[in-house]
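Visitor: Could you walk me through this model, feature by feature? I would like to learn how to read each one.

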Amino acid sequence: MTTPSALERPTGVPFARRLAARLVLLPALVLSLLPPRRIRAVLERARRGARPATVAQATTARDAMCAVSLRCAGPKGCLPRSLGAALLCRLTGSWPTWCTGVRVVPPFTAHAWIEADGRPVGEGVPDDYFTRLITVAAASRSGR
């Protein structure tokens with residue numbers, strides 16, 4: 001049995017931002033079907049040359065993904081949502097830290113999210129709620 005719930009979709013996302021979010025939605029959905037090592041490899045290439053995203057940039061990207069896709073806004077849309085938000089940030093020259101991991105407290109749950117300034121963006125949980133297993137942060141200026 002499932003519990004009915006209403007999805008909260010962000011409003012007020014500008015048309016240009018929604019259009020950009022739709023542009024990265026398909027690549028994000030395709031990426032979400034790949035194994036973790038392939039996702040990491042693609043994201044490591046995508047992040048090259050990007051500066052670290054600010055909390056505002058990451059929040060705006062995450063909100064745009066939720067505004068254009070019910071799947072991304074849903075409780076099981078964390079992977080395409082986080083991938084899309086990272087790619088959307090990349091379109092503007094920034095890169096959040098993309099993370100996958102597990103919830104610290106039982107029951108075991110896998111999750112994917114983005115971070116800015118070392119904190120989860122838009123998750124509504126404490127900073128230590130998840131244990132990171134894979135991260136792809138903005139590359140340093142030295143090339144790695």
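Visitor: Is D117 buried or exposed?

Guide: The general idea is a cut-off on relative accessible area: buried means under 20%, exposed over 50%, and partly exposed lies in between (1.4 Å probe, protein chains only). D117 has a relative accessible area of 63%, so D117 is exposed. Please keep in mind that this is a predicted model, where local features need pLDDT of at least 70, side-chain atom pairs count only at pLDDT 80 or more, and totals for chains, interfaces and linings use all residues. Residues are numbered from 1 along each chain as its sequence is written, and side-chain values use heavy atoms, with hydrogens and water left out.

Visitor: Where is D117, and what is its phi?

Guide: Most residues other than glycine have a negative phi, and most peptide bonds are trans. D117 has a positive phi, near 55 degrees, although D117 is not glycine. D117 sits in the loop between β4 and β5. For peptide bonds, look at P106 to P107: that bond is cis, with omega near 0 degrees. P107 belongs to the loop between β3 and β4.

Visitor: How many helices and strands does the chain have?

Guide: Both are DSSP runs numbered from the N terminus: helices are H or I with at least four residues, strands are E with at least two. This chain has five helices and six strands. Starting at the N terminus, the elements read α-α-β-α-α-α-β-β-β-β-β.

Visitor: What is the order of the strands in the open sheet?

Guide: Strands of a sheet pair through backbone hydrogen bonds, either parallel or antiparallel. Here, two strands count as paired if DSSP finds at least two bridges between them. The open sheet has four strands in the order β5-β4-β3-β6, with antiparallel pairing. Its edge strands are β5 (119-120) and β6, each pairing on one side only. Between β4 and β5 there are two bridges in the antiparallel sense; A116 has R119 of β5 as its bridge partner.

Visitor: Which strands does α2 touch?

Guide: Contact means heavy atoms within 4.5 Å. α2 packs on the sheet and touches β3 (97-103) and β6. The direction of α2 makes about 55 degrees with that of β6; axes are lines fitted to C-alpha atoms, for helices over the stretch in contact, and angles run from 0 to 180 degrees between N-to-C directions.

Visitor: Which residues have the most contacts inside the largest nonpolar core?

Guide: A nonpolar core is a set of buried Ala, Val, Leu, Ile, Met, Phe, Trp, Tyr and Cys residues joined through side-chain atoms within 4.5 Å. The largest has 31 residues, and L43, M65, L83, L88 and W98 have the most contacts inside it. Elements that each supply at least two residues of this core include α1 (15-31), α3 (55-68) and β4 (110-116). Leaving aside neighbours within four places in sequence, the contacts of M65 include A21, V24, L25 and L88.

Visitor: And R71: buried or exposed?

Guide: R71 counts as exposed because its relative accessibility is 53%. R71 lies in helix α4 (residues 70-73). Not counting residues up to four places away in sequence, R71 touches L29, G77 and P80.

Visitor: What radius of gyration does the chain have?

Guide: The radius of gyration is taken over C-alpha atoms, and the globule rule is 2.2 Å times the number of residues to the power 0.38. With 144 residues, a compact globule would come near 15 Å; the chain has 15 Å, which agrees. Buried residues make up 41% of the 144.
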